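Here's a quick briefing to read alongside the model. Have the viewer open, and we'll go topic by topic.

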Amino acid sequence: MTRFLIVRLLSTVVSAWLIVTVVFFLARITGDPVALLVPDNATPAEVQAFKERLGLDRSMAEQYVLFLGRSVTGDLGQSIRHVQPALQAVATYMPATIQLAFASLVLAVVGGLALGIVAASRPGSFVDSFAMTLALIGQSVPVYWQGLMLIMIFGLQLQWLPISGRGGWEHLILPAVTLGTTQMAVFARLTRAGMLEQLSQDFIRTARSRGLSELRVTLRHALPNAAIPLVTQAGLTLGGLLAGSVITETIFAWPGVGRFALQAVYNRDFPVVQATVFLVSMVFLAINFLVDLLYTVIDPRTTVA
Amino acid sequence: MRPTPSGWVGLIIMVVAVLAAALAPVIAPYDPLVQDVAARLRPPLSLDSRGGFHLLGTDQLGRDLLSRIIYGARVSLLVAAAAVPISLVIGTTLGVTAGYFRGFYDNVVMRLLDVQLAMPFILLALAILVAIGPSFTTIILLLGITGWTHYGRIVRGEVLSLREREFVTSARAVGAASGRIIWRHLLPNTASLLTILVSLQVPHVMILESALSFLGLGIQPPLPSWGGMLSEGRQYMLLQWWVAVFPGIALSLVVLGGNLLGDWLRDALDPRQRSR
């Protein structure tokens, strides 16, 4: 188990290094980082000052080493549009994204488990087909169109819920439903598949033969075993959600990192774009490392895959 | 291999979409680009001043919505048809070789996979598109190159188990070169897996393309793309709902069709993965 954790830690560090490398080249993809990293309206003297401070007048290799060193300390340059360090600017939008991410995840896990368990309890029945059709539709409808339709129906026509901005819990409902639906569909399908597999095992037959109620067999015997792969999925999902959904946050004017980064893309504020990619990728790596730690606790069979 | 009822639905949706895309100039009632200021935002089932009938209404520039949706299918499917082979080739090559040679090389491929999974795709794509400029080719290349991961991961897993099977070990025992083993013994055995993966990637690429177009950095107007049409229709949602509703229905239907087809192929070709 210790070996497993060391291997995982090492591969996480290698991944982090590769991510920093991608972020470095992101500003150099056109071959002219000056155009992307220096404000348009800078005077020639200012451009020169920028080049020196960012090291853009040096060789690519030197720039790379400089960038690596700075990113370890969390220095990803200054935002062009906002007068503050890029990473700091992005971090201020993190709380809104975290709130939305957890709301969506709870919705996806609870809804997905419920749908999956009900479907697996009577495979092939009407309830099963209904739940799985629902999951398939949830997976097929594009997130942004679903968001627009929710806005149209519940915001504009019925006027039940606010459609933009962050405020009370009622502001959270539409974006969380929009973002959570696709994931709910994934959880529903995974749960059903896992439950069907577990329900056909010998220990379930034993449990039933001991006269345990079907509810108890399902929830206490089958579900914990079926839930193990779901933990990985939840980690991947949370990591993805914390990256901030560019689309959902934009549609609902939710002040999170996704929307902020999109504005940075439109403004060509590349240091902020780089800082966002850096931050959310690192969060993703960290969460998945933690999930692996958790794994070794809940499933002692875990070894290096 | 007869389709199940839902397999049929998927197959029919996809055939209709492909036919609509291929025959767009023949079946579209109007030119999708011709504007008519006098007939702006006409509701579905209405006539314009010249007596032209608009089944799904017109958009904010008076263009026929049905014609734009039909031509939109062309854009959507063309991007998918061009991007998917790129992903297929890159992903399969990396997956087969990583699974076969293992060791350090396998580790490198797996790290690349991890890194791509960790990075926010839409944001990265937008940054690249805004830097080098969105065009048909850049979008196809972007979606094609980044789409390799599903193939890479799953093909690698399959090859890891195939390479221990008897037909591979005996080929190695009689001295077959690695290239021959990969080409003659491993690749043919991943064919049905690849069919499934392709059928599932098509709807995925369509969603990503429409998302990029929705955000203004995908297919550029006046070319009709479903994502771009949705984004234009956004501001008319309160009163002229049809501009944002119909392109979304078209997109959802085709994605659903692709998913149904993919699910059926998976059940039919790979019994081990049934209804996962």
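B:Gly95 sits in helix H3 of chain B, where helices (DSSP H or I, at least four residues) and strands (DSSP E, at least two) are runs numbered from the N terminus. This is a predicted model, so local features need pLDDT of at least 70 and side-chain atom pairs count only at pLDDT 80 or more, while totals for chains, interfaces and linings use all residues. Side-chain values use heavy atoms, leaving out hydrogens and water, residues are numbered from 1 along each chain as its sequence is written, and chains are lettered from A and ligands numbered from 1 in the order in which they are written.

**Helix H3 of chain B**

- B:Gly95 counts as buried because its relative accessible area is 0%; the classes are buried under 20%, exposed over 50% and partly exposed in between, with a 1.4 Å probe and protein chains only.
- Leaving aside neighbours within four places in sequence, B:Gly95 is in contact with B:Gly152, B:Val155 and B:Arg156, where contact means heavy atoms within 4.5 Å.
- From B:Gly95 to B:Ile145 it's 50 residues in sequence and 14 Å in space, C-alpha to C-alpha.
- B:Ile90 also lies in helix H3 (residues 65–101) of chain B, and with 28% relative accessibility B:Ile90 counts as partly exposed.
- Setting aside neighbours within four places in sequence, B:Ile90 touches B:Ile145 and B:Trp148.
- B:Ile90 and B:Ala21 are 69 residues apart in sequence, with 27 Å between their C-alphas.

**Chain B overall**

- Chain B has 12 helices and two strands, and its elements run α-α-β-β-α-α-α-α-α-α-α-α-α-α from the N terminus on.
- The C-alpha trace of chain B spans about 80 × 45 × 30 Å along its principal axes.
- Chain B has 276 residues, and 54% of them count as buried.
- Take the contacts in chain B between residues at least 6 apart in sequence: 72% of those join residues at least 24 apart.

**Where chains A and B meet**

- On the chain A side 48 residues are in contact with 43 residues of chain B.
- The area buried between the two chains is about 3900 Å², and carbon and sulfur atoms give 76% of it; buried area is the accessible area (1.4 Å probe) that two parts lose on being put together, summed over both.
- In chain A, A:Tyr144, A:Trp145 and A:Leu148 lose the most area to chain B, together 15% of what that side buries.
- One salt bridge crosses the interface of chains A and B, the term meaning a side-chain nitrogen of Lys or Arg within 4 Å of a carboxyl oxygen of Asp or Glu.
- The side chains of A:Arg189 and B:Asp263 pair up in a salt bridge at 2.4 Å, N to O.
- Helices of chain A that each supply at least two residues of the side touching chain B include H1 (2–26), helix H8 (143–157) and helix H14 (270–298).
- A:Arg189 belongs to helix H9 (residues 169–199) of chain A, and at 16% relative accessibility A:Arg189 counts as buried.
- Not counting residues up to four places away in sequence, A:Arg189 touches A:Met132, A:Ala135, A:Leu136, A:Gln139, B:Asp263 and B:Arg266.

**Backbone spots to check**

- The peptide bond from B:Pro221 to B:Pro222 is cis, with omega near 10°, and B:Pro222 lies in the loop between helix H10 (191–214) and helix H11 (226–233) of chain B.
- A:Gln159 isn't a glycine, yet its phi is positive at about 55°; A:Gln159 is in the loop between H8 and H9 of chain A and counts as exposed at 61% relative accessibility.
- A:Arg268, another residue other than glycine, has a positive phi near 55°; A:Arg268 is in the loop between H13 and H14 of chain A and is partly exposed, with a relative accessible area of 35%.
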